[in-house]
Amino acid sequence: MAPQKLLCLILLVAGTKGDVFDYNFEALSSPRMLSDALESFLLLNATAVSWNCSVQLSEYVVGLRSREEWALKMYDSNGKLPAGVLDGNLAELGSFDECLYVTKLNEEPKGSSFTGQYCMGSIHVNATQNISAEIKLPERLNLMVFSTCLPDACSATDVQNLIRGFGINLTTYDTYCQILAERPELDVGGIFGLTIFVCLALLMVASTIYDLRKKFLEKKTPNALLSAFSVYTNLKNIFNTKSASKEITCLHGLRSIAIIVVIAFHRYLNSFGIKYRNDFYINHWVHQTQNMPLVKSDFALDVFFFLSGSMITYGFCQKMARQQRFRIMLHYVNRYVRLTPSMAIVALFVATVTKYLGSGPLWPDFNENIIEPCVHSWWYNMLYIQIFTLPMCLPHSWYVAVDFEFFLLTPLLLIPLRRWPMKALVTTAFLDVCCVAFVFALAWIAEFRVATQYNNL
């Protein structure tokens, strides 16, 4: 027994820190090795896991040694040491669906049957120590995403203690452990959300039928309110290419080019946030000069701020030419009413319906960073102050919030522009120069790099 205790102590010490190859992944290398490691752990560290977990682990050991199908599937779906760790392959997600559908049926005692539980965690691997010093890699690249498949009675703490007992320094939490029986069921929020969207769909159908009947059968002009949700009319307006009078048509080309650049930027930005086979190369890629047009193409977003400000000023100047009064409250209310319904609908969909639409190894992260913020912080979006809270409900809506906040400040420049045109223009030019100088000074003093943001991806 003494040699076994010594071996266990060595494995526990090796699992605290060190190179990825210091860890005892050998325990996961075959069903026989895993069954031996489980048996040794249960003999020497039975109190490190709950009683129910130890009972099911004992059955797992028996199942592995007798080559039972359920046990082999549980082993097969468990993570192992992946190839290419030193090349940036830092994700071992195992087999999610195979794990969840593992079932061990026991007739006696009643209720002793169990299923597979998929847990995802992280292992500190020091994988970046062999990389060139010229490439500065973020600390997150020393963490490997690693998954386990074990019986459902084992809590996240049990899983963590067990894998660490093997000599692998895994860290995991209950929110990252999933079983099939815990898939979300339809709740009050889901029913409310679905009811709203079904009613909207029915309203669109009814409005479209009314619109088509009036236009094509009765040859009459439909009521504007009753046809407001008509799919036919709205699609026709969306794809209408006719220019209105006094419209600045050259801005359409600028807007089109900018949106193409923004789409390309987000295609790369979002891909940097997922796991790749060559994660180290990607972090090297974003620092290459020839890739800067894509890496920093988010500057195209400034074009939309410019267009928004230009259109507001242009509309204000048209009102001045027609001698119309500038009503500040109406100025604000019109903007809020234009933006908020669509923002509210999207936030409602994410908060009430989205959680039923997916699952997978990375779904807990999606739930934590996308769904939960909309459940608890949706009202920030209704006030357009979501950029002041993290995680943000609808992260992509940051632009709408910033644009709305800029819009709130427009009367400070528009009203002086009407009363004192030259002074307002000089003041605006001075503020522009100050803004550019401040950003330049901040970047210079803090030594910001073009690709700095990607070091934290």
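Trainee: Numbering the bonded cysteines of the protein in sequence order, what is the pairing?
Mentor: The pairing is 1-5, 2-4, 3-6, 7-8. Bear in mind that this is a predicted model, where local features need pLDDT of at least 70, side-chain atom pairs count only at pLDDT 80 or more, and totals for chains, interfaces and linings use all residues. Residues are numbered from 1 along each chain as its sequence is written, and side-chain values use heavy atoms, with hydrogens and water left out.

Trainee: How many disulfides does the count come to?
Mentor: The count comes to 4 disulfides, a disulfide being a pair of cysteine sulfur atoms within 2.5 Å.

Trainee: Which cysteine does a disulfide join to Cys53?
Mentor: Cys154, with an S to S distance of 2.0 Å. The torsion about the S-S bond of Cys53 and Cys154 is about 85°, so this disulfide is right-handed.

Trainee: Where do Cys53 and Cys154 lie?
Mentor: Cys53 lies in helix 3 (residues 51-65), and Cys154 in the loop between strand 4 (143-151) and helix 6 (156-165), so the pair ties together parts that are 101 residues apart in sequence. Helices (H or I, at least four residues) and strands (E, at least two) are DSSP runs, numbered from the N terminus.

Trainee: Is Cys53 buried or exposed?
Mentor: Cys53 is buried, at a relative accessible area of 1%. Buried means under 20% relative accessible area, exposed over 50%, and partly exposed in between (1.4 Å probe, protein chains only). Cys154 also counts as buried, at 1% relative accessibility.

Trainee: On to Cys119 and Cys177: how far apart are their sulfur atoms?
Mentor: The sulfur atoms of Cys119 and Cys177 are 2.0 Å apart, and the two form a disulfide. The link is right-handed, with 115° about the S-S bond. Cys119 lies in strand 3 (residues 114-124) and Cys177 in strand 5 (residues 170-178), so the pair ties together parts 58 residues apart in sequence.

Trainee: And what do Cys374 and Cys393 form?
Mentor: A disulfide, with the sulfur atoms 2.1 Å apart. Cys374 is in helix 14 (residues 363-383) and Cys393 in the loop between helix 14 and helix 15 (398-409), 19 residues apart. Cys374 counts as buried at 0% relative accessibility, and Cys393 at 1%.
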